[in-house]
Amino acid sequence: MKNRGFIRFVTILLAIVSIYQLSFTLVTRNAEKKARAHATETGRRYKDVIDSMRSETILNLGIAKFTYQECKQREINLGLDLQGGMNVTLEVSVPELVQALADNDQDPQFQQALKEAQADYLGQRNFIDIFAEKYEKLNPETGLARIFYRKERKEVLPNQYNSTNKEVYDWLKEESSASVSRTYKILKTRIDQFNVTQPNVQLLDNGRISVELPGVDNPERIRKVLQSSAKLEFWQVYRNYEAFDFLNEADKVIAARLDLEREESDSAGDAGSSLKPVEEQTTSLQPVALGDSTGAVTPAGDSNAVAGGDTAAADSAQQLTREEYLLKNPLVARLIPNADQTNNQWNPSAPIGYVARKDMDFFNKWLKDPEVRSAIPDDVHFRWSYKPTDDGTFYMLYALKASADNKPALEGDVVTNARPTLDQVGNYKVSMSMNKQGAKEWRIITANAKDNKDPVAIVLDSMVYSAPAVQDEIPNGQSEISGNFTVEDAEDLSNILKAGRLDAPTRIVEESVVGPSLGKEAIRAGQFSLVIGFVLVIVFMLLYYNRAGAYAVVALLANLFFILGVLSGYGAALTLPGMAGLVLTIGMAVDANVLIFERIKEELLSGKGFKAAVKNGYQAAYSSIIDANITTLIAAMILMSFGKGPVAGFAIILFIGILSSLFTAIFLTRLFVEWDISRGVDTPFTTSISKNLFGNVNWEFIGKRKIFYTISGIVIALGIVSMFTRGLSTGVDFKGGWSYVVQLDEKANTQDIRNSLNQVIPENVEVKTYGTNNQYKITTSYRIDDQSETAGDEVQAAIVKGLAKFNVTEDNLLSESKVGPTIAEDIKVDSSWAIILSLIGMFLYIVVRFRKWGYGLGATIALFHDVLIVFSIYSLLYGIVPFTLDIDQAFIAAILTVVGYSINDTVVVFDRVREFLGTHKYEKDSAGVINSAINQTLSRTLVTSLTTLLVVVILFLFGGEGLKGFTFALLVGIGVGTYSSICIATPVVVDMTTRVAARKAKKA
């Protein structure tokens, strides 16, 4: 072998690099083991011990030293499905950005175009393009410059009010793109301040941002940090007794409207109008204690005294029945006044009163109604408190007072720094510093408010954090936000304010939360299946190939070592499908060795000497090995391009594994065999078991091809009928919705679980058994279109409430995921393109490589055959087999892997067919020659399929419930792919060749 020294050098270099990269993982795990032991001995929290050692040196290489934090950043990064954590995909709300750029202009046609564009937007196209189409359709004659042009935009819209709509659309696109980039940078800053190990923030297409946070255990906190726009404002506040009068005026309008609607309903004979205003109020009109109802904006360090008015709150409910009072005062009747009812005095704090969570939508609807707004002064803006009362039942309602230009008294962009601090009694607050201009304006605001002890509301993202009375003038821009904060609340608010304000709100469109217990289960299952699969392959290779098999095993060990080293250096995450990729790589890595060993055995049987047989065997196998692996690389690259999260992790492992396998199988094993030759020893390639196996096989494949066509046709026909009648079980990836894995104390009937949930959740709920440990997977589309920040928490609360009779709490929720409608549509589109492009890529490669379209057509028909059969099996068996058969991203990954594996088999057979046709070109019976070629490669085809199936079966049995559907698709696909490469692809080539020859003969 030429370049033997170079191969040794590369091998040693790869080994050194892999040892270096993996050393970080080893020392980190060792340090964490010691930290756990220390925490147990001292009674300290493990997290506190780890935090204290972040800057300690734990790896000293002489020329370089590394702290625990640096080693942690360089260790093998486990995916969230293996260690627990949270993955979020955020989408910048371009419609709200457009609204903000238009200063919320209420032009009817502009608003209508915006509304229609939002309804049609599914994530695949640029929102501005959709908005442009809608606006041009509604109002092509009127320019948008009248809505968007401002003096400060003279540079971007130089034609000012004469700017064309196209110029406005182009500017809007630039602004939306810039907004996404700024949002990405701000979110990255927020995450960096969150002290999470190995966070991953990526900018995706279509204005989306992916955030991976390993090990986090407070999803609600993360959602708030990520979705907060950090729009900080300081508002003057109407006294509660003044604002109460505004609600009374609003009630007059609302009551009249509802009376009219009832009269119309009664005249139509519809007594059950949906606009019926009366609903039973379950709470008494009593003052409610609230943790953050008081507080004060003071110069830093001063007291938090509060003062207020003493106007009485009239209570007309005494003269009316409860139902009459609700009809006459739709808003006020649903509000508990912020008053001391023992002496009929308003409380001095700023809130108007307390509204039950269930009534907030009613208030929001009517307080935004144009007719109701006309009864209220223009400078009144109603806002809710950011936190409910201590029992979580009520929110406070405030009436903010706008300045002359209908804006807050001071914008929050004047804040230059923020930090959590403690007041005199140990409560957390946030101290803020302002720039020079902000300090000047803040001084004027507080000076005007101090005489009457007027409240000033501190508003973040349209929610009131506190509205204390101003005690003194604040001259230096130093102020504080108080509000019954926890330490986490204070830290998060400080970090959000420091990182900066987002141009537009971000919405979570996809989310996945994996609990640490489920991650540990996945690691155990993955490690066990990896070890068992590897042991089985070792045993098989030794029994079948003797000492050559032992060399292949050593190469396989080196292959795994190199893959993990490259993975660690590359910084890619090892996910659960990634571990499946490792196991699959074990099976597929053997393939190249099998090709080489089988060719060497053929050369030896033809009577050649050992040295010549080895040389010819390696050379003859090269083309088949390269062809087979390039086709699998095509599938891996397409998966890397279109896959997300764990699926992308699988693709990366597959890609690295193929390249590493090529090196170790072709070069490393040959080094061992050449070493035997140098010692005058012939390496044995057979054992007594395998010596004569497949020796004289001559099965008739081509002659019986019509039987194979018929069998495949029947299965595919049944599958198509099933797909049209039963359909397919689509996972949450494809249809959108919420998905939870729930651990119950004991086994339960899925129908009972579904019935229990339907009492709380009106939407359709799917319940499936998930494994054998009383775990169940619950999927629902309930409130999936809800864009509010609290939607996820409220859906989770509904799930827990619906499962109360099964003793379920939040601790029983092992994992949670959300896929919004736009993401689901993206996944469907991307998955379709992935399959189509992989089939096109395979076809083109085969045509170019074999220079005959008949080969490409045969391979492509076989691939369509394989894909259709896998889909057919999934449609026929879902709901029958005791595990889920969902069509999701993992399934698409399996399909593409099957496509790559199937074409791998097909290419090897085609390569031998081409070789046989070249050496037997004068024989008239080309079908017989091709049949002989198939039989010649039969041992290789079956042996490689067997080794791969061995490890996939182990994955299926022991890899955990999360891989069941994925590995089942691989099992079916590998079996069908092996069958199709022999019984479908090659016979199609024969039929195509025969027809072409017949046409040529006819023309002649």
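Predicted model: local features only at pLDDT ≥ 70, side-chain atom pairs only at ≥ 80, totals over all residues.
**View B. The open sheet of eight strands.** Follow the order S5-S6-S4-S22-S27-S24-S26-S25 and you will trace the whole open sheet, with antiparallel pairing. S5 (200-203) and S25 (765-769) stand at the edges with a single partner strand each, so one side of each has no neighbour in the sheet. On average, neighbouring strands here are turned by 15 degrees against each other, direction ignored.

**View C. Strands S4 and S22 side by side.** Within that sheet, S4 (residues 85-92) and S22 (residues 506-514) run antiparallel and are joined by eight bridges. A handy pair to look for is Asn-87 with its bridge partner in S22, Ser-512.

**View D. The hairpin of S1 and S2.** Three bridges pair S1 (residues 57-60) with S2 (residues 65-67) in the antiparallel sense. Asn-60 has Lys-65 of S2 as its bridge partner. Four residues sit between the strands, and Gly-62 in this hairpin takes a positive phi near 85 degrees.

**View E. Helices H7 and H9 packed together.** The axes of H7 (residues 127-138) and H9 (residues 165-192) are 10 Å apart, at an angle of about 155 degrees. The two helices are therefore roughly antiparallel, and their crossing is right-handed. Contact residues of H7 include Phe-131 and Tyr-135, while those of H9 include Tyr-169 and Leu-172. By class, the contact holds six nonpolar, two polar and three charged residues.

Terms used:
Residues numbered from 1 in each chain as written. Heavy atoms only, no water. Axes fitted to C-alpha atoms, helices over the stretch in contact; angles between N-to-C directions. Parallel < 35°, antiparallel > 145°, perpendicular 65-115°, else oblique. Left-handed = near helix turned anticlockwise from the far one by under 90°. Contact = heavy atoms within 4.5 Å. Nonpolar A, V, L, I, M, F, W, Y, C, P; charged D, E, K, R; others polar. Pairing = 2+ DSSP bridges.
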